[in-house]
Amino acid sequence: MLKNRSIVSIDDVSQPELEDIFKTADEMSDHLKQGKPLKILDGRIMATFFFEPSTRTRLSFESAMNRLGGSVISVSEARSSSVAKGETLADTVRMAESYSDVIVIRHPMEGAAKLAARFSSKPIINAGDGSGQHPTQTIMDLYTIRKELGNINGKTVTMVGDLRYGRTVHSLLLALSNYDVEVNLISPEILKIPEYIISRLPKNFKVNVSADFDSAVEQSDVLYVTRIQKERFTDQNEYLSVIGSYSVTPETLEKMKEKSIIMHPLPRIDEIAPEVDLSPKAAYFKQASNGVPVRMALVSMILG
Amino acid sequence: MIKVEQTLKISKIKDGTVIDHITAGKAMKVLSILNIDEKSNSSVSIGVRVPSSKMGFKDVVKIENRNLEKFEVDKISLIAPDASISIVKDYEVTQKYTVELPSRIVGIVKCHNANCITNVKEPVSSEFALVSKKPLVIRCNFCERNMNEREILTSL
């Protein structure tokens with residue numbers, strides 16, 4: 001179903017397709033545990049273009065492709081690419097499609113992956129476009145909730161932090177609106193979720209846009225914490241006024257439900273205290289490690 | 001009585017285009033969309049806040065010797081969704097139609113999001129989907145941001 005398809009927005013993946021990805025990711029996870037080498041994508045090439053810094057996303061895509069028996073070509077940094085010489089993204093993509101079978105792109109501008117998909121006959125995977133979307137992060141977030149709590153339906157998810165620029169929360173919120181969940185949104189006033197995201201949610205979707213942190217923590221099955229992103233602020237005074245607004249500490253853990261988890265797309269700064277890492281509720285490193293089997297599943301289904 | 005008054009205020013044209021039922025107060029924006037200024041060759045008559053049985057008040061613009069292109073009509077539909085266009089030849093109306101908001105709006109509105117990829121040097125036109133007619137909301141097909149009527153007005 002996903003064969004040869006671009007994944008630009010979370011809307012590009014249907015509910016049944018998500019379930020297929022989750023099942024395949026479980027299988028990939030088993031293969032990884034057993035240390036079995038896979039040759040599913042032998043001879044296939046992934047091109048990665050990261051015009052914005054990335055650690056986890058880039059490494060997990062490249063690891064996933066290598067684990068599947070394929071290989072990766074990439075531009076080490078945007079400054080060394082032809083885009084830095086003034087080439088359009090459209091031309092870069094037209095060139096890359098003849099060198100590879102699938103193209104992974106992260107770009108600082110919204111809509112970049114959509115544009116790339118218009119100019120490429122090879123599938124494009126959006127690895128983050130400005131403050132737009134980050135669909136593969138969302139797929140692994142949903143996978144993590146499902147794996148850690150057994151189900152997504154019936155859960156209460158609280159998103160905390162930068163909800164304005166945080167592309168992971170935009171994609172995740174849109175995806176969660178297809179499930180029977182309740183969502184609390186908590187952020188400083190200037191980092192509230194944009195209206196253009198709220199307007200896309202179904203009318204009957206239960207979302208509380210001005211939740212209180214303490215009471216939301218007590219009700220939540222998932223506490224999804226995000227970093228306040230310094231790089232998205234043009235006014236550094238504005239950044240300084242909101243940094244450290246919310247932090248998860250051992251005291252926060254005490255208020256949480258017994259079977260609940262803390263997630264974070266990482267990197268974190270000070271929004272989760274290091275002491276929290278030892279708690280069984282801390283699911284953010286598992287979430288990051290799920291990036292490999294989930295991306296293995298996705299890429300193998302696209303290039304299948 | 002109103003009809004006589006209107007006739008006196010805005011005289012008939014011989015050949016050209018009449019844009020009627022423009023949302024009251026938007027006539028000047030229509031002229032701006034059509035690039036009509038002091039350097040234009042066409043004679044133009046404008047009626048602003050003309051009483052209308054259908055709309056309460058409306059604006060009317062009559063332009064001599066000018067036919068509108070489709071993209072111009074599409075632009076007008078964004079600011080005056082009830083406007084009607086009459087094509088006049090030798091004082092007779094030969095064609096009349098109401099503007100219609102297109103479901104896909106291509107190349108006529110600049111995306112309001114400065115960080116949208118369509119606002120840099122890339123070989124694509126801006127492109128929006130119509131989300132709602134009243135209130136007017138369109139969504140960029142690239143960055144997925146919505147634009148309301150006020151934002152559209154400043155980006156035409």
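Two residues are taken to be in contact if their C-beta atoms, placed from the backbone, lie within 7 Å. The model is predicted: local features need pLDDT of at least 70, side-chain atom pairs count only at pLDDT 80 or more, and totals for chains, interfaces and linings use all residues. Residues are numbered from 1 along each chain as its sequence is written, while chains are lettered from A and ligands numbered from 1 in the order in which they are written.

Chain A is divided into domain 1 (10-133 + 290-302) and domain 2 (135-288). These bounds come from an automatic or database domain assignment. The C-alpha centres of the two domains of chain A lie 24 Å apart. Across the boundary, 22 residues of domain 1 of chain A are in contact with 21 residues of domain 2 of chain A. On the domain 1 side, H1, strand E4 (124-129) and H12 of chain A each supply at least two residues. Helices (H or I, at least four residues) and strands (E, at least two) are DSSP runs, numbered from the N terminus. The largest share of that side, 5 residues, comes from H1(A). By class, the side has 10 nonpolar, 8 polar and 4 charged residues. Here Ala, Val, Leu, Ile, Met, Phe, Trp, Tyr, Cys and Pro count as nonpolar, Asp, Glu, Lys and Arg as charged, and the others, Gly among them, as polar.

Helix H1 of chain A covers residues 15-34. At 1.5 Å a residue, its 20 residues should span 28 Å, and the end C-alpha atoms are 29 Å apart, which agrees. The expected span is 1.5 Å times one less than the number of residues. In H1(A), A:Ile21, A:Ala25 and A:Met28 are buried. A residue is buried if 20 or more other C-beta atoms lie within 10 Å of its own, exposed if 12 or fewer, and partly exposed in between, with C-beta atoms placed from the backbone. Seen down the axis of H1(A), the buried residues fall within an arc of 65 degrees, so they line one face of the helix. The arc is that of the directions from the helix axis to the C-beta atoms. These buried residues pack against helix H5 (135-149) and helix H12 (291-303) of chain A. The face turned away from the buried side carries exposed residues, among them A:Glu19, A:Lys23 and A:Asp30. Just after H1(A), A:Gly35 takes a positive phi of about 70 degrees.

Between chains, 14 residues of chain A are in contact with 16 residues of chain B. Helix H3 (89-97) and helix H4 (112-119) of chain A each give two or more residues to the chain A side. The largest share, 4 residues, comes from H4(A).
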